[in-house]
Amino acid sequence: MSDANFIKLKENFICGHCGAEVIGTGYTNHCPKCLWSKHVDINPGDRAESCGGMMEPIEIETRSGNFDIIHQCQKCGALKKNKAEENDDAEAIIALAGEI
Ligand SMILES: [Zn+2]
Ligand SMILES: [Zn+2]
């Protein structure tokens, strides 16, 4: 209908889990240090979700060298898959993924 499904907002935020200051890229809302996210998007970057719950990284999926982080909302239980970003903490990803 429109391209309103993909609004790119670049805002910085403070991680609600570990308190790190996160520089927004517009595409991700997860913390590069602890990988926690916040349930604020329906479509990536739209900030249209009113839940606002903290999303715990529960699993890493690998596909052809890329990582996806599976987040689960602590408030409403929603599951979301987010692409890992280049600046994500590699140790945090490995710790979550276990053996790769
Ligand atoms: Zn964090
Ligand atoms: Zn939620």
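Student: What is the relative accessibility of Cys76, and what does the residue count as?

Tutor: Cys76 counts as partly exposed, at 47% relative accessibility. The class follows from the cut-offs: buried is under 20% relative accessible area, exposed is over 50%, and partly exposed lies in between, with a 1.4 Å probe and protein chains only. The model is predicted, so local features need pLDDT of at least 70, side-chain atom pairs count only at pLDDT 80 or more, and totals for chains, interfaces and linings use all residues. Residues are numbered from 1 along each chain as its sequence is written, chains are lettered from A and ligands numbered from 1 in the order in which they are written, and side-chain values use heavy atoms, with hydrogens and water left out.

Student: Which residues coordinate the zinc ion (ligand 2)?

Tutor: His39 (ND1), Cys51 (SG), Cys73 (SG) and Cys76 (SG) coordinate the zinc ion (ligand 2), at 1.9 to 2.4 Å. Donors are N, O and S atoms within 2.8 Å of the metal (3.2 Å for Na, K and Ca); water is not among the atoms, so sites may look incomplete.

Student: Where do His39 and Cys76 sit in the chain?

Tutor: His39 is in the loop between β3 and β4 (54-63), while Cys76 is in the loop between β5 and β6 (79-83). The pair is 37 residues apart and links distant parts of the chain. Strands (E, at least two residues) and helices (H or I, at least four) are DSSP runs, numbered from the N terminus. His39 is buried, because its relative accessible area is 4%.

Student: What geometry does the site of ligand 2 have?

Tutor: The site of the zinc ion (ligand 2) is tetrahedral, with angles of 104 to 118 degrees among its 4 donor atoms. Four donors count as tetrahedral if all angles lie between 85 and 135 degrees; four count as square planar, and six as octahedral, if opposite donors are over 155 degrees apart and all others between 65 and 115; anything else is irregular. Along the chain, the donors of ligand 2 follow the spacing H-x11-C-x21-C-x2-C.

Student: And ligand 1, what coordinates that zinc ion?

Tutor: Its donors are Cys15 (SG), Cys18 (SG), Cys31 (SG) and Cys34 (SG), at 2.2 to 2.3 Å. Their spacing is C-x2-C-x12-C-x2-C, and the site of ligand 1 is tetrahedral, with angles of 105 to 114 degrees.

Student: Buried or exposed, how does Cys15 count?

Tutor: Cys15 is buried, at 6% relative accessible area. Cys18, by contrast, counts as partly exposed, at 39%.

Student: Changing topic: what is the overall pattern of the chain?

Tutor: The chain reads β-β-β-β-β-β-α along the sequence, with 1 helix and 6 strands. Of its 100 residues, 34% count as buried.

Student: What does the side chain of His71 reach?

Tutor: The backbone oxygen of Leu35, at 2.6 Å. His71 is also found in strand β5 and is buried, with a relative accessible area of 0%.

Student: Last topic: which residues line the largest cavity?

Tutor: Val22, Ile23, Thr25, Thr28, His30, Pro32 and Asn87 line it, and its volume is about 30 Å³. On a 1 Å grid over the protein atoms alone, a cavity is a set of points where a 1.4 Å probe fits but cannot get out, and a pocket is an open set with protein on both sides within 12 Å along at least five of seven lines; lining residues have an atom within 4 Å of a point. Grid points are joined across faces, edges and corners, and a volume is the space filled by probe spheres set on the points.

Student: How much space lies in the second largest pocket?

Tutor: About 160 Å³. Strands β1 (13-14) and β3 (37-38) are the elements that give two or more residues to its lining.

Conventions
Polar contact = N/O pair within 3.5 Å; in protein donor to acceptor, adjacent residues only side chain to side chain.
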